[in-house]
Structures are given as C-alpha cells and as structure tokens.
2 protein chains.
Amino acid sequence: MIGVDWGTSNLRAYRLAEDGRVLARREAPRGILTIEPGGFPDALRAVVGDWIAAGETRVLLSGMVGSRQGWQEAPYIPCPAGFDTLVARLIRMPFEDAEALLVPGLTCRDRQGVPEVLRGEETEMLGAAAALGGGEATVCLPGSHSKWARLSGGRVEGFATYMTGEAFSALSGHTILARTLDPRAPHHAGAFARGLARARQGGGLLHHLFGLRAAALFDELGEEEAGSFLSGLLIGHEVAAALEAGVAPPVILVGSSLLTERYARALDAFGVPSREAPPDAAARGLALIGAALR
Amino acid sequence: MIGVDWGTSNLRAYRLAEDGRVLARREAPRGILTIEPGGFPDALRAVVGDWIAAGETRVLLSGMVGSRQGWQEAPYIPCPAGFDTLVARLIRMPFEDAEALLVPGLTCRDRQGVPEVLRGEETEMLGAAAALGGGEATVCLPGSHSKWARLSGGRVEGFATYMTGEAFSALSGHTILARTLDPRAPHHAGAFARGLARARQGGGLLHHLFGLRAAALFDELGEEEAGSFLSGLLIGHEVAAALEAGVAPPVILVGSSLLTERYARALDAFGVPSREAPPDAAARGLALIGAALR
C-alpha cells in the first residue's frame with residue numbers, strides 16, 4: 001500500500017510492504033497550503049501515480065490534509081483513541097485511481113476544559129510507541145506546535161500542545177530580538193544550554209525575552225549565540241511546563257534529529273531520561289493502520 | 001524651559017513654567033528611527049524652534065534619543081538612582097540654539113545577574129512617584145517593553161522589563177493566531193477577562209497560546225474576541241511574574257489610559273490595588289530635573 005503524511009508545508013509518501021517495511025519514499029514541497037481548492041487528487045497523482053500504475057490499490061493519508069484548509073475536513077476523534085479507533089473512523093476520499101482513506105485527527109480537553117487538537121501526530125505517536133513496545137509512555141513531537149501525549153495500552157489518553165516553534169519564528173523575526181541575533185548562525189551548544197538554564201529561573205518568559213536583548217546590549221550575548229539562546233529559552237519553558245503537567249519517563253522523542261537532540265538535552269537538564277523513536281514513525285503508523293484493514 | 005520625551009516612534013515636547021506647569025505641548029511622529037544620522041538638531045529645531053526664539057534657553061531631553069540609534073549614546077547609570085543622580089550625570093548635547101541636556105537611562109541586574117536597561121522611563125517613573133508623594137512604591141509603565149520598578153525614598157532601586165507589547169504584535173501578526181483574530185476588533189472586556197483567568201491557570205504561556213487557536217477551531221472564541229483574549233493572556237502572564245518577584249502595593253500605573261485600565265483590571269484580578277498616575281509624568285520628571293539645575 002501507499003502511505004502519505006500530508007502536512008502544511010510538505011508531503012511525504014511511502015510505498016509500504018505488507019510487513020510494514022518502507023520500500024520507497026518521496027518528499028515533495030506540496031504541503032496543503034500550496035494546493036489550490038480541488039487540486040488534491042492531481043497533486044496526489046503527481047507524487048504517487050506511478051506506484052498506483054505499478055499495482056498499488058490503496059492510499060492511506062494522514063495529517064493536515066484532513067483539515068479545513070485540506071482536501072476534506074475530517075471531524076476530530078476524542079481521546080482516548082488507539083489504532084482500532086482510527087481504523088473504525090477512516091474516511092473514504094473521492095479519488096478514482098485507488099482506494100484513498102483519510103486518518104482523522106484527535107481532540108481532547110486539558111484540565112481546565114480548553115480544547116486540544118492534532119492531525120497527523122496521532123499516526124506518528126502510535127507508530128513510534130508500537131515500535132518501542134507500547135505500554136505507558138510519554139511521546140513528544142517537537143515542532144512549530146510541539147505535542148506531548150500520554151499513551152497507555154496502545155491508546156493516546158490525552159495530549160497538550162506548545163506553540164514553541166512558531167513563537168520562535170515570530171519572536172526572532174518580528175521583534176527587537178531580530179536586531180540581536182544572526183538567523184544564519186549555526187547551532188551554538190553553549191548558548192542553547194544558557195537559554196535552558198535561564199528558563200529554569202524565575203521571572204517568566206516575557207521577562208526572559210527582554211533579558212536576551214539587554215544581555216546583547218552589554219555584549220554578554222553575541223549575535224551568533226542569541227538564536228540558540230532563544231531556542232534553549234523557549235524549549236526550556238516548554239519542557240518545564242510539560243513536566244509540571246506530569247510525565248511518565250522515559251520520554252519518547254519523535255521527529256528530525258535536529259530537534260529531538262535539543263529536546264533530549266533539555267530533558268536531561270531537568271533530569272528526565274528520553275529516547276529517540278526509530279525513524280519513519282508516520283510510515284510505521286500508516287502501515288499498522290493498513291495491516292488492521294486486511 | 002523645554003522638556004522633550006524623545007522615543008523610538010514619537011517625540012513629545014513640553015514648554016514648562018518655572019513651577020513645572022505645562023504651558024504648551026506638542027507631539028510629532030518624529031521618533032528616533034525616523035531621523036537620519038546627523039539630523040537630530042534640525043529635527044529638534046523644527047519642533048521647538050519657535051519656543052527658543054520666544055526666549056527659552058534650555059532643552060532637557062529624555063528617552064531613546066540617548067541610545068545607540070539616537071542623537072548620542074549616553075552610558076546607563078546604575079541603580080539605585082534618584083533625581084540627584086540624574087542631574088549629576090546630565091550630558092551636554094551639541095546644539096547651538098540653546099543649552100541642550102540629555103537625561104541618561106538606568107541599568108540594574110536581576111536576581112540572576114541578567115542586565116536590565118531603560119531610557120526615558122526613569123524620568124516618567126520619578127515624575128509620577130513625586131506627584132504621588134514618594135516613599136515606597138511600585139511603578140508599572142505598560143507598553144512594548146513594560147517596566148516594573150521598585151522606588152524607595154525617591155530613588156529607583158531596581159526594575160524588570162517584560163516584552164509584552166512586542167510579543168503581542170509578533171504573535172498576533174506572525175503566527176497561526178493571525179488567522180484566528182480580527183486585528184480591527186474593538187476591545188472586548190469579557191474576552192480580556194477570560195485571557196486573564198487563563199494566564200492564572202497552569203500549563204505555561206506556550207501552551208496557552210495554542211489553546212487560543214484550538215478554542216477558535218471549536219467556535220469557543222470568536223474572531224472579534226481573540227485579540228482581547230490574547231491581550232489578557234499576555235498581560236496576565238506579565239502581572240503574575242511581576243507579583244511573584246515582589247511588589248509593594250499599591251502599584252502606580254503610568255501611561256495612556258488605554259493600557260493602564262487593562263493593567264488595573266489585571267492587578268485587580270490578582271487582588272492587588274493600583275492607582276493611575278496623573279498625566280504628563282515625563283513632563284513632571286523633566287520639570288523636576290530642570291528645577292534642581294537652577
């Protein structure tokens with residue numbers, strides 16, 4: 001079968017064997033925001049048409065493709081939810097070339113009743129947890145909107161989102177901090193660690209942000225360090241809040257090593273062990289959903 | 001004499017009587033970022049030249065005009081600092097038409113040794129506190145970079161900055177939240193109060209930011225409410241952090257009533273009394289510095 005993780009900015013397609021192995025993979029900058037209304041079938045055909053021509057009869061889709069801005073809006077499924085829940089709620093999409101099924105996203109409420117949503121991460125986190133043996137787990141998917149989920153017995157019990165990556169972009173690019181940092185500077189491990197340490201001190205994030213500017217004015221933080229300091233500061237605030245909400249270690253980190261390594265270091269600074277999930281968590285999740293369909 | 005509060009985006013000029021009364025006032029959109037290098041004397045002349053021609057011989061300047069991007073960079077004076085300190089450290093500016101003296105900004109270190117800076121607010125907070133009788137006071141100047149200062153015996157003992165206003169602009173304009181809020185919507189008191197209440201719950205600011213998006217997706221927060229909710233959320237986080245750092249009530253609020261009314265409501269939600277400073281705090285501060293020169 002074919003698995004497609006179709007997000008906001010990118011599309012990742014996998015050709016999957018019956019046992020779940022990835023036979024081939026493709027990535028295209030054809031995120032849903034680049035697709036005109038009505039253009040989704042053609043966009044999918046352009047990326048995986050030859051695999052269908054070669055005999056594939058089923059396409060499983062996950063991610064923001066199921067959002068209001070995507071191919072078709074899929075209602076969020078309430079937690080707790082496992083693979084069985086997702087399989088029962090797959091949505092058949094209007095696609096002529098093959099059977100196309102959409103995996104719905106999840107919703108829950110935090111302790112104060114505020115809603116939470118995700119799309120795509122349900123497939124990744126269940127795939128990652130299955131690869132690591134399941135049971136009780138905390139899964140973290142860092143990114144623009146970082147997700148922290150509690151899993152138990154192969155089900156997502158609940159999750160929380162932190163707008164860390166997007167806050168980094170907005171604050172580093174559209175405030176006085178833009179004059180303080182060099183956005184092309186490579187990662188600076190020492191400055192990242194300083195940002196992490198700062199996040200663990202009192203005063204609050206809004207105060208810590210200005211401190212970055214003031215430290216730069218006093219030549220106590222260089223342009224080549226400031227971006228990494230801000231990254232450590234924001235990730236530190238995220239991890240502190242997530243740990244306060246309660247976490248069953250070890251934390252399973254899912255994503256590109258560029259980010260997961262930073263989160264592993266942040267968790268380590270808080271004394272919490274973590275482990276990196278095997279790669280292709282989305283492909284694993286999609287393969288397991290496909291296997292349950294057979 | 002003439003007092004000029006010369007900030008990043010605006011210039012406010014006051015013609016002051018010997019007893020400190022404001023005889024005339026002018027405001028021009030000639031903030032320091034609009035002035036070409038070398039253009040400061042002409043810009044000043046354009047705004048107050050006729051007052052000088054009418055006999056004024058002294059101009060006192062405060063604000064970002066003393067920054068690296070301003071007319072001339074003035075070193076920051078360490079706290080504690082009162083009017084006497086500022087008077088002793090005035091800087092004579094190269095201006096032919098009258099005696100032009102620049103009030104330097106202040107610096108201090110927070111408990112963790114991170115530097116703090118301000119320019120212009122020293123004059124406003126000392127002016128506001130003097131108008132209210134001095135003694136022990138906490139002064140808050142809300143804005144892009146909100147300042148909270150502890151004053152004792154007419155001296156600024158120390159202060160902390162929160163990047164609240166700038167964070168609001170960056171987050172409301174340059175993240176997914178931009179799709180959630182109508183920037184032209186008028187202030188919505190109920191949504192502001194909900195944002196304040198949210199700030200007092202656990203989970204951290206980065207989580208609360210995403211909750212705003214998710215609530216909008218579930219039609220639990222309207223476009224016309226979301227901006228006020230975000231304002232309440234950020235101001236609530238600022239006030240919570242400032243109170244945690246320690247505050248001697250009542251808090252004296254200095255600034256435009258648009259902002260000070262919101263901060264008064266936020267402080268009230270935390271059970272902390274506040275009072276609004278009389279208007280023209282900068283003019284009062286400049287007049288008191290001028291009086292000490294005679």
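A salt bridge here is a side-chain nitrogen of Lys or Arg within 4 Å of a carboxyl oxygen of Asp or Glu. B:E220 forms one with A:R109, their closest N and O atoms lying 2.7 Å apart. Across the interface of chain A and chain B the rule finds 4 salt bridges.

This is a predicted model, in which local features need pLDDT of at least 70 and side-chain atom pairs count only at pLDDT 80 or more, while totals for chains, interfaces and linings use all residues. Residues are numbered from 1 along each chain as its sequence is written, chains are lettered from A in the order in which they are written, and side-chain values use heavy atoms, without hydrogens and water.

**The interface**

| Property of chain A with chain B | Value |
|---|---|
| Residues in contact (heavy atoms within 4.5 Å) | 48 residues from chain A, 48 residues from chain B |
| Buried area (accessible area lost by both parts on being put together, 1.4 Å probe) | about 4,100 Å² |
| Share of that area on carbon and sulfur atoms | 66% |

In chain A, A:M163, A:L206 and A:F210 lose the most area to chain B. Together they make up 19% of what that side buries.

**Helix α7(A)**

Helices are DSSP runs (H or I, at least four residues), numbered from the N terminus. Just after α7(A), A:G246 takes a positive phi of about 105°.

Conventions. Buried area = accessible area lost by both parts, 1.4 Å probe. Helix = DSSP H or I, 4+ residues; strand = E, 2+ residues; numbered from the N terminus.
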